[in-house]
Amino acid sequence: MANFISFPSAEELNRRLAQRIVAALQQGIAEKGQASLVVSGGKTPLGLFKLLSQQPLDWARVTVTLADERWINADDPSSNERLVRENLLCGAAAAANFVPLKNASATPFDGVEDVEQAIDAIAKPFDAVILGMGDDGHTASLFPGATNLSAALDMSSHRLVFGMTPLTAPLDRLTLTLPALLNARQIFLHLVGENKRTVYQQAQSGDDVQEMPVRAVLHQTKASVDVFWSA
């Protein structure tokens with residue numbers, strides 16, 4: 001069951017979450033000689049990314065990848081890769097190794113095999129995974145109603161990524177699967193705003209993962225989940 005932690009401001013949340021992430025990455029480096037971080041896009045983590053980019057960490061030993069990506073060019077304003085490169089992989093964190101999800105394939109369904117190999121090469125379990133949540137209860141690009149949702153949630157699939165066509169958002173995507181996301185030492189669900197708290201409470205109160213896929217993360221016992229929320 002997820003551990004819900006509330007903060008008086010987004011600034012305090014970002015500060016505390018950055019501390020937790022850095023500690024997780026430092027532990028990974030100390031124990032394995034390397035660490036891995038999975039991040040999500042959107043506006044919510046921008047302040048967190050800027051804080052992280054300034055942290056005095058051995059970033060050259062850190063590999064960063066994405067929980068999901070829209071199938072668009074990396075210079076597109078809607079690209080998660082662009083957002084991460086401009087806001088996280090700068091300053092001290094510019095030394096980190098980045099594994100993108102978008103490649104030259106025409107569609108995410110065509111590009112799955114190459115991305116699967118790239119993600120498979122990252123040392124696991126991931127030391128930290130940062131997820132967001134949409135108003136429809138999606139997380140990463142695990143969208144309710146999507147054709148590949150059941151397959152992407154299947155813990156016995158041994159698959160790391162799937163192409164996804166959302167019903168509630170534009171553009172085809174590539175997403176890490178549920179088993180890939182849960183192969184983590186620590187998952188952080190990063191939420192800001194009263195509406196997100198309401199959606200989170202709705203997710204917690206039900207068990208239909210097809211209706212709200214974030215429930216598959218919240219209601220499992222394989223990986224530790226901390227929910228960081230501020231108004």
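Me: Which residues does the UniProt annotation "domain: Glucosamine/galactosamine-6-phosphate isomerase" cover?

Reply: According to the unreviewed UniProt entry, that domain covers residues 9-221; such positions are given in the numbering used here, feature names are shortened, and annotations may be inferred rather than shown by experiment. This is a predicted model, in which local features need pLDDT of at least 70, side-chain atom pairs count only at pLDDT 80 or more, and totals for chains, interfaces and linings use all residues. Residues are numbered from 1 along each chain as its sequence is written, and side-chain values use heavy atoms, with hydrogens and water left out.

Me: How do strands pair, and which strands pair with S10?

Reply: Strands of a sheet pair through backbone hydrogen bonds, either parallel or antiparallel. Strands (E, at least two residues) are DSSP runs numbered from the N terminus, and two of them pair if DSSP finds at least two bridges between them. S1 (residues 3-7) pairs with S10 in the parallel sense over five bridges, with Phe4 opposite Val227. S9 (residues 186-192) also pairs with S10 in the parallel sense, over seven bridges; Ile187 stands opposite Val225, and Gln186 has Ser224 as its bridge partner.

Me: What is the order of the strands in the sheet?

Reply: Seven strands form an open sheet, ordered S1-S10-S9-S6-S2-S3-S5, with parallel pairing. S1 and S5 (97-99) are at the edges with a single partner strand each, so one side of each has no neighbour in the sheet.

Me: Is S10 (residues 224-230) mostly covered or uncovered?

Reply: Buried means under 20% relative accessible area, exposed over 50%, partly exposed in between (1.4 Å probe, protein chains only). S10 is mostly covered, with six of its seven residues buried.

Notes. Helix = DSSP H or I, 4+ residues; strand = E, 2+ residues; numbered from the N terminus.
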